[in-house]
Amino acid sequence: MALNELELPAPQQTQTDLVQLQELILRETEFLPVLMGELRKRIIGQQLMIERLLIGLLCGGHVLLEGVPGLAKTLMVKTLSETISLDFKRIQFTPDLLPADIIGTQIYNARDHTFTHKKGPVFANLILTDEINRAPAKVQSALLEAMQERQVTIGDETFPLPDPFLVMATQNPIEQEGTYPLPEAQVDRFMLKVLISYPSREEERQILDLMAVGEPPQAQAVIQPDVIDRARKVVDSVYMDEKIKNYIVSLVWATRQPDAEGVPIGSYLAYGASPRATIYLAKAARAHAFLCRRGHVIPDDVKMIGPDVLRHRMIISYEAEAEGKTADDLIRTLFDHVEVP
């Protein structure tokens with residue numbers, strides 16, 4: 001089915017519209033079991049990481065993965081690109097990296113006295129920036145225009161990036177020597193910050209059987225990019241009630257004015273979440289409902305995805321650090337106190 005053939009319900013939803021939307025979602029999510037099955041050939045466990053990467057893909061939002069080494073972060077992104085036939089590039093961030101190594105540069109041609117443009121690895125569908133906090137701020141900032149505007153300026157010319165374009169970045173939370181904290185403007189451009197944990201004992205035993213003997217299995221392309229394009233259109237049409245929208249606004253507003261919203265975290269917050277949090281929370285909640293094969297958003301969708309949208313946008317105070325409070329601690333209090341519709 002072509003993109004323009006999708007019959008999406010009008011914004012003013014009726015009961016008939018919702019039934020039609022639910023039927024459409026059931027059809028357009030048929031690729032998910034196939035995709036998951038192919039990912040599972042190489043990835044054991046890590047269900048949270050898989051779901052969050054899919055949400056980023058469905059919403060066109062960048063994802064920051066934080067976890068100790070060896071948790072399959074790089075393997076997951078590479079496998080995802082292979083299963084969807086997307087162009088994939090990996091950039092290893094190091095202290096000596098230059099912005100031109102990412103976006104490209106101009107090359108002078110002495111023969112005819114002209115400049116030609118050599119495009120960098122950022123010109124791909126999926127970009128994996130490994131250990132993004134190992135490069136200095138000037139290199140990290142080279143991604144700002146690409147992440148926000150989906151374009152890159154080299155010299156005096158601007159080049160559009162391919163569609164879809166997503167940045168998946170990884171960083172190590174425990175090894176801080178020789179690292180550079182991400183600027184707030186950079187962090188805010190990531191739709192989600194996902195904390196990756198260790199696999200369970202049973203999952204680790206399966207990893208041993210899969211990866212420690214011979215060649216690991218290879219992933220095959222099982223869906224085409226146009227399937228993701230169609231899914232994105234359907235995700236945008238997932239119904240969100242006015243009460244859910246107000247709930248999202250209340251959650252984000254409570255990170256800025258917690259006392260006014262009756263949330264006892266005021267002394268622990270230096271800055272609250274930006275308006276991007278409101279936008280991304282709504283988008284991610286719709287995508288989460290889509291992955292659950294539902295045509296409407298429920299409060300649990302917001303609760304499930306909320307910590308990943310908010311944790312890197314809430315700046316905790318010195319008092320919070322002194323008492324050992326983290327952003328996730330404040331988010332739990334936030335969801336406990338803001339009234340659920």
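**View 1. Arg311 and Asp308 form a salt bridge, with the closest N and O atoms 2.7 Å apart.** A salt bridge here is a side-chain nitrogen of Lys or Arg within 4 Å of a carboxyl oxygen of Asp or Glu. The model is predicted: local features need pLDDT of at least 70, side-chain atom pairs count only at pLDDT 80 or more, and totals for chains, interfaces and linings use all residues. Residues are numbered from 1 along each chain as its sequence is written, and side-chain values use heavy atoms, with hydrogens and water left out. Both Arg311 and Asp308 are buried. Buried means under 20% relative accessible area, exposed over 50%, and partly exposed in between (1.4 Å probe, protein chains only).

**View 2. A network of salt bridges links Glu51, Arg52, Asp308, Arg311 and Asp328.** Side chains of opposite charge can pair when their charged atoms come close. By the salt-bridge rule, the count comes to 19.

**View 3. Asp226 pairs with Arg230 in a salt bridge of 3.4 Å, N to O.** Both residues lie in helix H10 (residues 225-237). Helices (H or I, at least four residues) and strands (E, at least two) are DSSP runs, numbered from the N terminus. Asp226 and Arg230 are four residues apart, about one turn of the helix. Asp226 is partly exposed, with a relative accessible area of 37%. Arg230 counts as buried, at 13% relative accessibility.

**View 4. Glu242 and Lys245 meet through their side chains in a salt bridge (3.6 Å, N to O).** The two residues are three apart in helix H11 (residues 242-254), so about one helical turn separates them. Lys245 is partly exposed, at 33% relative accessibility.

**View 5. At the start of H11, Asp241 reaches towards the backbone of Lys243.** A side-chain oxygen of Asp241 comes to within 2.9 Å of the backbone nitrogen of Lys243.

**View 6. The buried residues of H11 are Ile244, Tyr247, Ile248, Leu251, Val252 and Ala254.** Seen down the axis of H11, these buried residues fall within an arc of 165°, so they line one face of the helix. The arc is that of the directions from the helix axis to the C-beta atoms. The buried residues of H11 pack against helix H12 (275-291), helix H13 (299-310) and helix H15 (327-337). Contact means heavy atoms within 4.5 Å.

**View 7. The end C-alpha atoms of H11 are 18 Å apart.** At 1.5 Å a residue, its 13 residues should span 18 Å, which agrees. The expected span is 1.5 Å times one less than the number of residues.

Note on methods. A polar contact is a pair of N or O atoms within 3.5 Å; within protein, one must be able to donate a hydrogen and the other to accept it, and residues adjacent in sequence count only if both atoms are side-chain atoms.
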